[in-house]
Amino acid sequence: MLLIFVILFFICFFPTYLFSEEVFLGQTLLFLSFPFLLFLTYITFRNRSNNFIIPPIAILLFIFGSIFLLTIISKVSFMDLGMVINHCRFFGYALVYCLAYNIAYDNDFNLQDLRKALYMIVASLLLFILFHFAAPELAIVKLQTPRLAIDFTGFRIGGPLEWSYIFAFCITPVLIMAIHETIRREGGTLSLILALLLMGTLLLSQSKSAYLATFCTLLLYLCFSFLNYRSNKLLITLVTLSACALTYTFITFSDQFAHIWGFIDSLESGQSDASTKARLNQISLIALTVENSILMGYPIIYENIENGFAHYLYFYGLIGLTAYLAFIGSFWFDCYYKCRQFFLMQKGKNMGLHLGILAFATVVPIYALSASPTDSHKGAYFFFSLMAFYAGLIDKNTKVSTRSK
């Protein structure tokens with residue numbers, strides 16, 4: 001458990017601004033150093049009696065990486081170091097997934113260890129947020145993020161993950177796990193407290209994609225619960241109370257949710273708010289790709305488009321967008337297959353964790369409506385490491401169960 005916690009903790013709390021105030025340097029250092037450190041971890045803790053396993057998802061990530069690298073042909077005349085690194089991202093993801101998978105497979109971990117590690121990570125994130133509010137001038141806070149927890153638009157909770165939508169994305173599996181364990185009385189008071197705190201931080205993020213993703217996952221969870229459990233009185237009660245509490249909070253503390261109220265006002269007036277206008281202006285750059293290289297992309301104006309699908313079309317063309325959609329779909333189906341397989345085998349044991357991991361894969365395309373969460377420097381490695389830990393543990397348990405029959 002401790003090893004999983006340390007690896008995820010390193011990702012979340014990597015000091016992005018230790019060596020420079022420019023975020024690019026910190027992002028590059030994490031991108032390059034983490035696979036190397038993960039390799040050293042694997043070498044140190046590996047079980048020498050087991051062979052190194054290359055899981056199918058890692059192979060797919062390598063194939064997707066090769067496709068993205070191929071599209072660099074259309075950018076040779078204006079590419080720079082940053083563009084080369086972006087085109088090689090999926091090779092790093094494939095390596096990280098492969099190493100994390102083998103760390104979980106080789107060592108004496110189980111799904112309960114992963115569950116505990118996730119709870120510890122979330123507790124660490126919440127503690128950091130407390131310091132971010134109470135003492136934003138602390139060096140430990142400034143090394144993680146220069147952003148304020150409260151700005152002119154009100155609350156914007158991002159924690160050490162810096163961006164509010166990335167924070168919301170990364171806590172998705174723990175939120176669903178905590179809610180399920182609370183409803184089914186499997187996690188005790190701890191699950192209830194964490195569920196309430198995480199819902200509170202999601203509310204304070206003021207991230208539209210986080211709100212939409214949370215609404216969709218909770219709606220899917222409601223459907224799952226009503227289809228698979230007879231007793232849902234507590235669930236109905238909590239949903240009703242939560243809806244009332246959220247409505248009261250938005251109305252009473254409207255000044256602290258200026259970003260969201262601005263978005264609502266713009267919808268009512270038939271216009272777009274500032275952030276939506278910025279995204280629409282960014283998306284308009286796709287015309288450059290369409291005119292010059294629709295297949296491979298033509299980002300001669302380097303702009304980080306805050307829409308994952310538009311970003312991949314602009315930077316990598318139709319070939320890259322197709323690969324990105326295939327990546328999202330293959331990850332979801334692999335996760336669904338593993339969840340269902342282990343659920344049938346264990347008859348519902350650790351159901352909260354399985355649902356949380358499946359929710360993590362499910363929300364990727366929703367968050368991609370604002371920006372690709374699997375390309376952020378911390379969110380990406382957190383996602384691929386966690387999914388690989390889960391896959392490694394599932395495959396190991398499946399192998400053991402098969403042998404015991």
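**Salt bridges, core and surface of a predicted model**

Lys-338 and Asp-334 both sit in helix H16, four residues apart, which is about one turn of the helix. (Helices, H or I of at least four residues, and strands, E of at least two, are DSSP runs numbered from the N terminus.) An α-helix has 3.6 residues a turn, so residues three or four places apart point the same way. The model described here is predicted: local features need pLDDT of at least 70, side-chain atom pairs count only at pLDDT 80 or more, and totals for chains, interfaces and linings use all residues. Residues are numbered from 1 along each chain as its sequence is written, and side-chain values use heavy atoms, with hydrogens and water left out.

The side chains of Lys-338 and Asp-334 are joined by a salt bridge, at 3.0 Å from N to O. Here, a salt bridge is a side-chain nitrogen of Lys or Arg within 4 Å of a carboxyl oxygen of Asp or Glu. By this rule, the count comes to four salt bridges. Lys-338 also meets Asp-395 in a salt bridge, at 3.9 Å from N to O. This second pair links distant parts of the chain, with Asp-395 in helix H19 (residues 379-404) and Lys-338 in helix H16, 57 residues apart. Together, Asp-334, Lys-338 and Asp-395 are linked in a network of salt bridges.

How accessible are the partners? Buried means under 20% relative accessible area, exposed means over 50%, and partly exposed lies in between (1.4 Å probe, protein chains only). Lys-338 has a relative accessible area of 9% and is therefore buried, while Asp-395, at 21%, counts as partly exposed. Leaving aside neighbours within four places in sequence, Lys-338 is in contact with Tyr-390, Ala-391, Ile-394 and Asp-395, where contact means heavy atoms within 4.5 Å.

Another salt bridge joins Arg-115 to Glu-181, the closest N and O atoms being 2.8 Å apart. Arg-115 lies in helix H6 (residues 111-134) and Glu-181 in helix H9 (residues 172-183), so the pair ties together parts that are 66 residues apart in sequence. Both Arg-115 and Glu-181 are buried.

Attention now turns to the nonpolar residues. A nonpolar core is a set of buried Ala, Val, Leu, Ile, Met, Phe, Trp, Tyr and Cys residues joined through side-chain atoms within 4.5 Å. The largest such core has 115 residues, of which Leu-61 and Phe-327 touch the most other members. Helix H16 (residues 308-346) gives the most to this core, with 15 residues. Beyond its neighbours within four places in sequence, Leu-61 is in contact with Phe-90, Tyr-93, Ala-94, Tyr-97, Phe-327, Phe-331 and Phe-384.

Helix H17 (residues 351-362) has twelve residues and reaches 16 Å from its first C-alpha to its last, close to the 16 Å expected at 1.5 Å a residue; the expected span is 1.5 Å times one less than the number of residues. Eleven of the twelve residues of H17 are buried, so this helix is largely enclosed by the rest of the structure. Among the buried residues are Met-351, His-354 and Phe-360.

Leu-37, in helix H2 (residues 23-45), counts as partly exposed at 35% relative accessibility.
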